[in-house]
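Subject: A structure for you to look at

Hi there,

Here is the structure I promised to pass on to you. Please open it first and have a look around, then read my notes below.

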Amino acid sequence: MNPAKLLTTAAAALAAVFLASCANQPGKPKPTTDAKGQFVNPNKPGTYEYFQAELKNPAAKDGWKSVWKNEEVLSRTNESNSRVLISLSKQRGYLMNGEDVAIDYPICSGIPSRPTPPGTYNILEKVVDKKSNRYGKILDAAGEVTNGNADVQLDPIPEGGRFEGAEMRYWMRLTWDGVGHHIGPVRRRPASHACVRGPSAVMPIVYSKVKVGTTVKVED
């Protein structure tokens, strides 16, 4: 090949590689605040990226309660291809189909003295109408609540009184020592006795999409 032509061809190839490399570089991040310092969501409304950004919007006081559903992914998610991911740091739960998020929802994990243990689990048991055999309320002989946040292993039951276990509907057991995922009050901070609580509008759906043996990964 003619040396001049060879040099021209090589130069063209190098230019193409350089342009391709530049094209693959990420652009500057879009601003998340305006000139007044107010939050601006840089993502397209209706997208999952928009939803995730809104969770960090300080103006949305109850935004942390929001639930994301991808109906297309949810429709093809079932007990044969589902898994659940729990993020303790974000206080979020995710019903997953492979790497696709079917539902992103708020959760409430264990308090510091009874933390939810990180790890990879498999659902051991499913019970729709489950009640705790340890935590609940204590009533006296007249049926009046004397302790609304009782631990039956520690708190005495008055003569003629009784213990009523807290409801843990749509129970999915993670450990045999009492840690599970179920419907319960969801706070903005950890507030349970090690279980992972979820919203009543979401947990029946998650329950219906998993089986005994489904993987649940709990991450810090």
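Before we look at any strands, one definition: two strands are said to pair if DSSP finds at least two bridges between them. Please also keep in mind that this is a predicted model.

With that in hand, take strand 10 (residues 171-173) and strand 11 (residues 180-183): they pair in the antiparallel sense, over two bridges. As background, strands of a sheet pair through backbone hydrogen bonds, and they can do so in a parallel or an antiparallel way.

Is His 182 buried or exposed? Its relative accessible area is 4%, and because buried means under 20%, His 182 counts as buried. Leaving out residues up to four places away in sequence, His 182 touches several others, including Trp 171, Val 196, Arg 197 and Met 203.

The other residue I would like you to look at is Arg 92, in strand 3 (residues 92-97). Arg 92 is buried, also with a relative accessible area of 4%. What does the side chain of Arg 92 reach? It comes to the backbone oxygen of Ser 66, at 2.8 Å. Among the residues that Arg 92 touches, apart from those up to four places away in sequence, are Phe 51, Trp 64, Ser 66, Asp 104 and Tyr 105. Trp 64 is 28 residues from Arg 92 in sequence, and their C-alpha atoms are 8.9 Å apart in space.

Finally, the whole chain. The protein chain has four helices and 13 strands, and buried residues make up 35% of its 220 residues. Of the contacts with a separation of 6 or more, 56% are between residues 24 or more positions apart. The accessible surface comes to about 13,200 Å², and carbon and sulfur atoms account for 55% of that.

Enjoy exploring!

Best wishes

Definitions and conventions: Residues are numbered from 1 along each chain as its sequence is written. This is a predicted model: local features need pLDDT of at least 70, side-chain atom pairs count only at pLDDT 80 or more; totals for chains, interfaces and linings use all residues. Side-chain values use heavy atoms; hydrogens and water are left out. Buried means under 20% relative accessible area, exposed over 50%, partly exposed in between (1.4 Å probe, protein chains only). Contact means heavy atoms within 4.5 Å. A polar contact is a pair of N or O atoms within 3.5 Å; within protein, one must be able to donate a hydrogen and the other to accept it, and residues adjacent in sequence count only if both atoms are side-chain atoms. Accessible areas come from the Shrake-Rupley method with a 1.4 Å probe; for residues, only the protein chains shown count as cover.
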